[in-house]
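Here are my notebook entries from a browse through this model.

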Amino acid sequence: PAPPAAAAASSASPFAPSAPSLPPSRLFELLPDGRTVHKEAPPDNGGMAAVAAALEKVGLENYVAAFDAEGYDDVEFLGGLDAAERAGVAKDVGMKQGHLSKFVKHGFEARS
């Protein structure tokens with residue numbers, strides 16, 4: 001007798017619908033070898049190094065790992081957030097209430 005996996009494979013219909021194909025992407029290209037690559041290089045936003053420097057500038061360097069873990073790695077994006085959006089980020093990264101208030105009020109602008 002054939003093993004169960006072989007029996008299942010042989011009973012599959014050649015007319016069964018194939019998996020749906022994905023629509024073409026504006027951002028990515030599928031190479032013949034199956035790898036996916038960016039069509040254009042992503043913009044250089046400074047990455048986590050820039051976010052870490054900005055957090056250090058305002059005394060919130062303890063949150064660098066949390067920003068990275070939550071995917072907040074674009075300092076230009078973060079710098080463009082309004083106070084309500086900064087509050088959401090602060091909660092996402094688990095800021096203490098005092099740090100949250102500071103980040104919401106001032107963002108990455110150092111205050112003396």
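I began with the contacts of arginine 86 (heavy atoms within 4.5 Å). Leaving aside neighbours within four places in sequence, arginine 86 meets Leu81, Phe103, Val104, Lys105 and Gly107. I found arginine 86 in helix 5, which covers residues 83-92.

Two notes on ground rules. This is a predicted model, where local features need pLDDT of at least 70, side-chain atom pairs count only at pLDDT 80 or more, and totals for chains, interfaces and linings use all residues. Residues are numbered from 1 along each chain as its sequence is written, and side-chain values use heavy atoms, with hydrogens and water left out.

Next I looked for a charge partner. Arginine 86 is buried but has no salt bridge; I took buried as under 20% relative accessible area, exposed as over 50% and partly exposed as in between, with a 1.4 Å probe and protein chains only. A salt bridge would need a side-chain nitrogen of Lys or Arg within 4 Å of a carboxyl oxygen of Asp or Glu. The nearest side chain of opposite charge is aspartate 82, 6.4 Å away (Lys and Arg count as positive, Asp and Glu as negative; His and the chain ends are not counted).

Then I turned to valine 64, in helix 3 (residues 64-69). Valine 64 counts as partly exposed because its relative accessibility is 22%. Not counting residues up to four places away in sequence, valine 64 touches Met48, Ala52 and Leu55.

Last, the whole chain: 21% of its 112 residues count as buried.

Note on methods: Helix = DSSP H or I, 4+ residues; strand = E, 2+ residues; numbered from the N terminus.
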